[in-house]
Each structure stands twice: as structure tokens, then as C-alpha cells.
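Okay, everyone, thanks for coming. Let me put the model up and we'll walk through it together.

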Amino acid sequence: MESGLYFSLLGPVRGWRDGVELDLGSRQQRVTMAVLLLGSGRPVLMEDIAEAVWDEDVPATARSTIRTYVHRLRRVVGGSVIVSRGGGYAVVEGV
């Protein structure tokens with residue numbers, strides 16, 4: 001059995017911890033996770049996450065909704081994996 005945290009971005013966004021698949025939640029949460037992973041450890045601004053999740057129809061509540069998505073993702077992947085940084089969020093390197 002493989003150990004550690006792994007993600008797949010080709011096809012559906014999926015993640016595994018120690019060989020067990022994680023429930024990354026809704027499509028919007030999966031898009032949020034994908035954008036953060038594609039950031040390669042660099043901060044991804046809230047505006048960039050919102051654009052990826054909603055395209056041109058970004059709701060007025062986007063910032064609070066993204067905070068909720070990140071909170072939920074932290075519970076699933078581990079609180080130290082996604083960090084607040086530079087007006088956005090980043091996935092800690094080594095994931």
C-alpha cells in the first residue's frame with residue numbers, strides 16, 4: 001500500500017491519502033483544489049480561484065464561498081496542506 005498524499009488532475013480531480021481515496025467534495029471544491037495544485041506551491045489569489053470556479057458569472061459571495069471550500073478541503077486533506085498566503089491560498093510544497 002502506498003503512503004502519503006497523492007492527487008490526480010487528469011480527468012476528475014481526485015486525491016488519496018495512504019492509498020484511500022479522499023472525498024474532495026463538490027465540483028467547485030474540486031476545481032478549487034485543482035487550481036491550488038496547479039499553483040505549484042505559489043499563492044493563488046482569490047480572484048483567480050473565483051474565475052476558475054465560476055468563469056464570468058462570479059457571485060458577490062465568491063470570497064466567503066471560497067473560504068468555505070478551502071475550509072472543507074483542509075478538513076479532508078489535512079490542515080497544514082493548504083495555507084493562507086499573499087491574499088490567497090497555496091498548497092505546501094512536497095504534496
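So, glutamate 21: leaving out residues up to four places away in sequence, it touches Arg14, Gly15 and Trp16, where contact means heavy atoms within 4.5 Å. Before I go on, this is a predicted model, so local features need pLDDT of at least 70 and side-chain atom pairs count only at pLDDT 80 or more, while totals for chains, interfaces and linings use all residues. Residues are numbered from 1 along each chain as its sequence is written, and side-chain values use heavy atoms, with hydrogens and water left out.

Back to glutamate 21, which lies in strand 3. By the way, helices (H or I, at least four residues) and strands (E, at least two) are DSSP runs, numbered from the N terminus.

3 strands make an open sheet, order 1-2-3, with antiparallel pairing; two strands pair if DSSP finds at least two bridges between them. Strand 1 (5–8) and strand 3 (20–22) are the edge strands, each pairing on one side only. From one strand to the next the twist averages 30°. Strand 1 and strand 2 (residues 14–17) are joined by 4 bridges, and phenylalanine 7 stands opposite glycine 15 in strand 2.

On to the helices. Which residues of helix 2 (residues 46–54) are buried? Met46, Ile49, Ala50, Val53 and Trp54. Look down the axis of helix 2 and those buried residues fall within an arc of 105°, so they line one face of the helix; the arc is that of the directions from the helix axis to the C-beta atoms. They pack against helix 1 (27–38), strand 4, helix 3 and strand 6. Just after helix 2, aspartate 55 takes a positive phi of about 60°.

Helix 3 (residues 62–77) has 16 residues and reaches 22 Å from first C-alpha to last, close to the expected 22 Å, which is 1.5 Å times one less than its number of residues. Its buried residues are Ala62, Thr65, Ile66, Tyr69, Val70, Leu73 and Val77. Down the axis of helix 3 these fall within an arc of 140°, so they line one face too.

How do the two pack? Helix 2 and helix 3 meet at an angle of about 85°, axes 10 Å apart. Axes are lines fitted to C-alpha atoms, for helices over the stretch in contact, and angles run from 0 to 180 degrees between N-to-C directions. That makes helix 2 roughly perpendicular to helix 3, a label covering 65 to 115 degrees. Among the contacting residues are Trp54 of helix 2 and Tyr69 of helix 3.

Last stop, strand 6 (residues 88–91). Both of its faces are covered: Gly88 and Ala90 on one side, Tyr89 and Val91 on the other, all buried. Strand 6 runs antiparallel to strand 5 (residues 82–85), with 4 bridges, and valine 83 has alanine 90 as its bridge partner. In the hairpin of strand 5 and strand 6, with 2 residues between the strands, glycine 86 takes a positive phi near 55°.

Conventions:
Buried means under 20% relative accessible area, exposed over 50%, partly exposed in between (1.4 Å probe, protein chains only). Angles under 35 degrees count as roughly parallel, over 145 as roughly antiparallel, 65 to 115 as roughly perpendicular and the rest as oblique.
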